[in-house]
Amino acid sequence: MYPVDFGWGYEEVFSHTVKIPEGYRVESAPKSEGYALPDNSARYTYQLTVNEAQGSIQTLTRFFIKNPVYYAESYHHLKELFSYMVKKGNEQIVFKKK
């Protein structure tokens, strides 16, 4: 019944670079994908790049909230967005010995 109040719109961007352990290769990694509210007023994107030549993995995540307040009609979509973010954050990168 009550609105979700973020206080203001904002965007968070996180970038990480991880070194692939010596003697290992990436067997599987999460897909680069995203999720947005139907009106595109909030979205989350996840990008992962494996660079075997440099021996590194780079991730880039973006979380964008345009509106400071979301009313009860948007609650289901916001819940789905945050559930998606948690799901992506729990996906694992699997290494295998060469």
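The model is predicted, so to speak of local features pLDDT of at least 70 is needed, side-chain atom pairs count only at pLDDT 80 or more, and totals for chains, interfaces and linings use all residues. Residues are numbered from 1 along each chain as its sequence is written, and side-chain values use heavy atoms, with hydrogens and water left out.

Stay on this pair of strands and select His-16, which stands opposite Thr-59 in E6. E2 and E6 are antiparallel and share 10 bridges. Strands (E, at least two residues) and helices (H or I, at least four) are DSSP runs numbered from the N terminus; two strands pair if DSSP finds at least two bridges between them.

Next, colour the open sheet of 4 strands, whose order is E2-E6-E5-E4 with antiparallel pairing. Its edges are strand E2 (10-19) and strand E4 (33-36), each of which pairs on one side only. From one strand to the next the twist averages 5°, with axes taken as lines fitted to C-alpha atoms (for helices over the stretch in contact) and angles running from 0 to 180 degrees between N-to-C directions.

Move to E5 and E6, antiparallel and joined by 10 bridges. Here Thr-45 has Arg-62 in E6 as its bridge partner. The hairpin of these strands has 4 residues between them, and Gly-55 takes a positive phi near 70°.

Now select Leu-60, in strand E6. Beyond its neighbours within four places in sequence, Leu-60 is in contact (heavy atoms within 4.5 Å) with Val-13, Phe-14, Ser-15, Thr-45, Tyr-46 and Gln-47.

Of its 15 residues, Leu-37, Ala-42, Tyr-44, Phe-63, Tyr-70 and Leu-81 touch the most other members. At least two residues each come from strand E5 (42-51), strand E6 (56-65) and helix H1 (75-90). End on Tyr-70: leaving aside neighbours within four places in sequence, its contacts include Pro-3, Val-4, Phe-6, Leu-37 and Ala-42.

Key. Core = buried A, V, L, I, M, F, W, Y, C linked by side-chain atoms within 4.5 Å. Buried < 20%, exposed > 50% of the residue type's maximum accessible area, 1.4 Å probe, protein only.
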